[in-house]
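Please keep the sequence and the structure at hand while reading.

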Amino acid sequence: MWRNLKQAEIYNSGTWRQKHQPSADSREENCISTHEMSVNFPVSSFYPKKGCKRLLEIEIKLERGVSEAKKKPLPPRLTSSLQGHPPDWKIFHKQAEALEYAKQRGSGLMTFSFEEQVPGSEGRRKYVVTHPTNMWKNHISRPPDQRCSYEVIPAESQCKLYFDLEFNKLANPMRDGSKMVETLLEACSWALEDVFNLQVRKCDVLILDATTTNKFSQHLIYQNPNIFFKDNFHVGNFVKHLMMLVKDCNIPNIDVNDQRDLFVKNDKGESVSFCDLAVYTKNRNFRLFLASKFEKKVPLLIAKTNTYLPDRTRYSTEDWPIDEAAIFSSSLITYFGNDQQLGAQEEEQLLTFGNKQLDELMPVNSSTIRQWIYFEKTETIVYHIHGNRFCSTIGREHKRNHINQSHPNVCHGIIC
């Protein structure tokens, strides 16, 4: 409020405004100065240093999370159960739990294992139950050095005839791996015809290779639908029978020296079969196509000598759209194509291979073989028999212990 009328008159006359208010030019200069100052003013200074550090920490954590997520075995896309195969992808820490889930769930689900990197350790194996098509999508989407995966071959599950061949090239410099495989294929063809009256061609065998400069390594998987076995226990019996014939050079029409060459020296200097006889055990983990052993970075690839081509009537282009996918499905030991479950008539045609002398030790009761161990050095097989305690050594049943029968026929029970 003006103190007197004279001040009001001065202000209204414009004298005071001209004296104290800035001119238009000065206002324009001030605006330009303010605009320039707003452009050059460092915006980041509005945020305290502590806040910037926190944002940086969050960004680092997010980047780590994305990196770890890429390493996790999660399929990029799972098929809807309404459109095709079940979308199950369930991870377990214990193999027994995974196998039980797959058995109860059915629907063509299989159990696979994979190695997971754990800081400060060599790795940790986990198990996933899913359909083979989902496993392939995950398998091929991962970096090559992270494809450390295996198929679990369940006990008492129908399977293909398969071989795991390997030997130390440095300890056996005169051995020709490719020629040895040809000899084995020829010997196996003769044995299949001799035992089961079945004929097989080389183009019926998928050959995968992971050979290095120091080690020869190949997998053979027979694809002929007439050569499916009841389980890998019977496969193991047949392979052991085959290798015993080879060791005694009893395969006709094959040079004796070529048969002898199938036995090599191991790291201890002992003579052993180049066919690994330990891969026919219960719930065996068998490496997948394109997979490497943990931190080895040597993938299992199609061998140069392979002549097998997938049968598209069994491995459809809808489920397995590319050749690599069809090879992956063919390489699975317990997967037989589009219709995984064999019919009742086909199950009756599954191959079995036992031992007549062993059958005499197994009365027509609930006797079963719990486990068997093959000692290659002495050519002895020890059977752990369940449900029958009669011991031929002492002429009566064991009171407490089960019997461990060997072939040749000797009891290895504790009291014997």
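In which helix is the place of L62? L62 belongs to helix α4, which covers residues 49–71. The model is a predicted one, and what follows should be read with that in mind.

**A nonpolar patch**

With a relative accessible area of 58%, L62 is exposed, because the cut-off for an exposed residue is over 50%. Together with L55 and I58, L62 forms a nonpolar patch on the surface, and the accessible area of these residues together is about 300 Å². As a general point, an α-helix has 3.6 residues a turn, so residues three or four places apart point the same way.

**Helix α8**

Helix α8 takes in residues 232–247, and its end C-alpha atoms lie 22 Å apart, which agrees with the 22 Å that its 16 residues should span at 1.5 Å a residue. The helix is mostly covered, since 12 of its 16 residues are buried; among them are V235, F238, V239, L242, M243, L245 and V246, and the buried residues also include N232, H234, N237 and K240. At the start of α8, the backbone nitrogen of F233 has a side-chain oxygen of D231 within 3.0 Å. Just after the helix, C249 adopts a positive phi of about 55°.

**Salt bridges**

The model holds 9 salt bridges, and the table lists some of them with their nitrogen-to-oxygen distances.

| Salt bridge | Distance, N to O |
|---|---|
| R105 and D88 | 2.8 Å |
| E166 and K215 | 3.2 Å |
| K179 and D258 | 3.5 Å |

The side chains of R105 and D88 meet in a salt bridge. This pair links distant parts of the chain, for R105 sits in helix α5 (residues 95–105) whereas D88 sits in the loop between α4 and β1, 17 residues apart. R105 is partly exposed, at a relative accessible area of 35%, while D88 counts as buried at 10% relative accessibility.

The side chains of E166 and K215 also meet in a salt bridge. E166 lies in strand β6 (residues 162–168) and K215 in strand β8 (residues 215–222), so this pair ties together parts that are 49 residues apart in sequence. E166 is partly exposed, with a relative accessible area of 26%, and K215 likewise counts as partly exposed, at 30% relative accessibility.

A further salt bridge brings together the side chains of K179 and D258. Here the linked parts are 79 residues apart, with K179 in helix α7 (residues 177–196) and D258 in helix α9 (residues 256–260). K179 counts as partly exposed, at 46% relative accessibility.

How many strands make up the open sheet with the order β6-β8-β7-β13? The sheet has 4 strands, and their pairing is antiparallel. Its edge strands are β6 and β13 (301–302), each of which pairs on one side only. Strands β6 and β8 run antiparallel and are joined by 7 bridges. Within this pair of strands, E166 stands opposite S217 in β8, while the side chain of E166 meets that of K215 in the salt bridge listed above. In general, strands of a sheet pair through backbone hydrogen bonds, either parallel or antiparallel.

Note on methods: Residues are numbered from 1 along each chain as its sequence is written. This is a predicted model: local features need pLDDT of at least 70, side-chain atom pairs count only at pLDDT 80 or more; totals for chains, interfaces and linings use all residues. Side-chain values use heavy atoms; hydrogens and water are left out. Patches are made of residues with over 30% relative accessible area and no salt bridge: like charges are joined within 9 Å, nonpolar side chains (Val, Leu, Ile, Met, Phe, Trp, Tyr) within 5 Å. Accessible areas come from the Shrake-Rupley method with a 1.4 Å probe; for residues, only the protein chains shown count as cover. A salt bridge is a side-chain nitrogen of Lys or Arg within 4 Å of a carboxyl oxygen of Asp or Glu. Helices (H or I, at least four residues) and strands (E, at least two) are DSSP runs, numbered from the N terminus. Buried means under 20% relative accessible area, exposed over 50%, partly exposed in between (1.4 Å probe, protein chains only). The expected span of a helix is 1.5 Å times one less than its number of residues. A polar contact is a pair of N or O atoms within 3.5 Å; within protein, one must be able to donate a hydrogen and the other to accept it, and residues adjacent in sequence count only if both atoms are side-chain atoms. Two strands pair if DSSP finds at least two bridges between them.
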